[in-house]
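The sequence and the structure come first, and the description follows.

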Amino acid sequence: MSMSISKQPPRAPFTRRSTAEEVTADIDLDGKTILITGCNSGLGFESMRVLAMRGARIIGAARTRVKAEQASAMIDGEVIPVACELSDLDCVVSCAEEIRKTGLTIDVLMCNAGIMALPKLQQKYGLEMQFLTNHLGHFVLVNRLLDRVEAAPAGRVVMVSSLGHYTSVAGGINFDNLSGERGYVPFTFYGQSKLANLLMSNELSRRLEGSRATSNAIHPGIIMTPLSRNIGSIRANLSRIMSWPVTRSVEQGAATQCYVAASPALDGVSGHYFVDCNAARKSYHGRNPELASRLWEVSEKLAAQYL
Ligand SMILES: NC(=O)c1ccc[n+]([C@@H]2O[C@H](COP(=O)([O-])OP(=O)(O)OC[C@H]3O[C@@H](n4cnc5c(N)ncnc54)[C@H](OP(=O)(O)O)[C@@H]3O)[C@@H](O)[C@H]2O)c1
């Protein structure tokens, strides 16, 4: 099976220091509708703020409607707040149904929400929680809304993956241990969920071939957000870590996902992985089309009653 990678994206004149406002400076999103998961915090909130500033109507998803409403009240622009608890697949289905009822087409579906490195194994539906939240919840949301994305003139799915996809479990995705019961390591299971984000984007891109819609994945950089709440050593040394040259601000961290969501230069570009607004190299497993296809099929089985 071949990888589905469209034309190479043009080189973007941005760096790791560019902010979301800077990379979208000349872009008019008036008339576009952008769904963002995890809109109440960190990169999702900044993406919502900046993309709304550029004129998009935002559908802002958070774990609860109250959280989504509170976040949307803090920015200028049009926001439809919705509840989407990704680890509750009934809630994901209800969210998708509520969005469908608006009759809106979706120009961008930004799968941004995520959790990282839960210290102890947590499970639901017999699945490890990071795989469920970061991957399967988004898998259901995207599949339930895909026709709304395809109905847009140039619909885009943007998967917020991570450089952490390089540090997944042996074999990339351990289909024999999606429950975590045969051994759980917090960071490698985070890596597995972020590899799943990338593989899902790759496979979706292949499935969207011949349509107007595209799918790409991104790594935002290293940004001190509440994402690291579970890692005591990071929290204890926050001010020191923030001064490291590799870390960046939330305004800079949201740049790549906003650029990939909004830049006209990326029309028709699909199946890529972006870092600092430019196409970057995927890991060995992240380049494996068979693994991507198998993950899609397994995910369909796992979530069958919600699709
Ligand atoms: N920060 C980094 O250095 C970094 C690096 C690489 C990749 N990323 C990726 O960037 C994305 C955004 O992270 P961030 O740094 O902005 O973290 P963040 O500030 O913690 O935001 C994460 C968002 O996801 C939401 N969320 C968590 N669990 C959820 C669930 N079960 N259902 C629905 N929403 C849920 C959170 O809601 P609550 O606030 O209610 O918990 C929050 O809105 C994540 O996918 C992360 O993996 C971040």
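## Terms and model

Two strands pair if DSSP finds at least two bridges between them. Helices (H or I, at least four residues) and strands (E, at least two) are DSSP runs, numbered from the N terminus.

The model is predicted: local features need pLDDT of at least 70, side-chain atom pairs count only at pLDDT 80 or more, and totals for chains, interfaces and linings use all residues. Residues are numbered from 1 along each chain as its sequence is written.

## The sheet

Several neighbouring strands pair in the parallel sense. β4 in turn pairs with strand β7 (residues 156–160) in the parallel sense over 4 bridges, with leucine 109 opposite valine 157 in β7. Further along the order, strand β8 (residues 214–219) and β11 are parallel over 3 bridges, and isoleucine 218 stands opposite phenylalanine 274 in β11.

## Buried strands

A residue is buried if 20 or more other C-beta atoms lie within 10 Å of its own, exposed if 12 or fewer, and partly exposed in between, with C-beta atoms placed from the backbone. In a regular strand the side chains alternate between the two faces of the sheet.

Strand β2 (residues 57–62) has 6 of its 6 residues buried, so it is largely enclosed by the rest of the structure. Arg57, Ile59 and Ala61 point one way from β2, while Ile58, Gly60 and Ala62 point the other way. In strand β4 (residues 108–111), Val108 and Met110 point one way and Leu109 and Cys111 the other, and all are buried.

Helix α5 (residues 129–150) has 22 residues, which should span 32 Å at 1.5 Å a residue; its end C-alpha atoms are 30 Å apart, which agrees. The expected span is 1.5 Å times one less than the number of residues. α5 bends by about 45° at arginine 144, where the bend is the angle between axes fitted to the seven residues ending at a residue and the seven starting there. Of the 22 residues of α5, 17 are buried, and the helix is mostly covered.

Helix α6 (residues 186–207) also has 22 residues. From its first C-alpha to its last, α6 reaches 31 Å, close to the 32 Å expected at 1.5 Å a residue. α6 is mostly covered too, with 18 of its 22 residues buried.

## Around the ligand

Which residues are closest to the ligand? Among the 29 residues that surround the ligand, the closest are Gly38, Gly42, Ala113, Gly114 and Thr225. A residue is near a molecule or strand if its C-beta atom, placed from the backbone, lies within 6 Å of it. The elements that give two or more residues to this shell are α2 (42–53) and β9 (222–223). α2 gives the most, with 3 residues.

By type, the shell divides into 13 nonpolar, 13 polar and 3 charged residues. Ala, Val, Leu, Ile, Met, Phe, Trp, Tyr, Cys and Pro count as nonpolar, Asp, Glu, Lys and Arg as charged, and the others, Gly among them, as polar.

## Two loop residues

Cysteine 277 lies in the loop between β11 (273–275) and β12 (278–279). Its phi is near 65°, a positive value in a residue other than glycine. Cysteine 277 counts as buried because it has 26 C-beta neighbours inside 10 Å. Leaving aside neighbours within four places in sequence, cysteine 277 is in contact (C-beta atoms, placed from the backbone, within 7 Å) with Ala12, Phe14, Ser18, Val23, Ala255, Thr256 and Tyr259. Proline 220 is 57 residues from cysteine 277 in sequence and 9.0 Å from it in space, C-alpha to C-alpha.

Alanine 117 lies in the loop between β4 and β5 (123–124). Although alanine 117 is not a glycine, it has a positive phi of about 55°. With 19 C-beta neighbours inside 10 Å, alanine 117 counts as partly exposed.

How values were computed:
Two residues are in contact if their C-beta atoms, placed from the backbone, lie within 7 Å.
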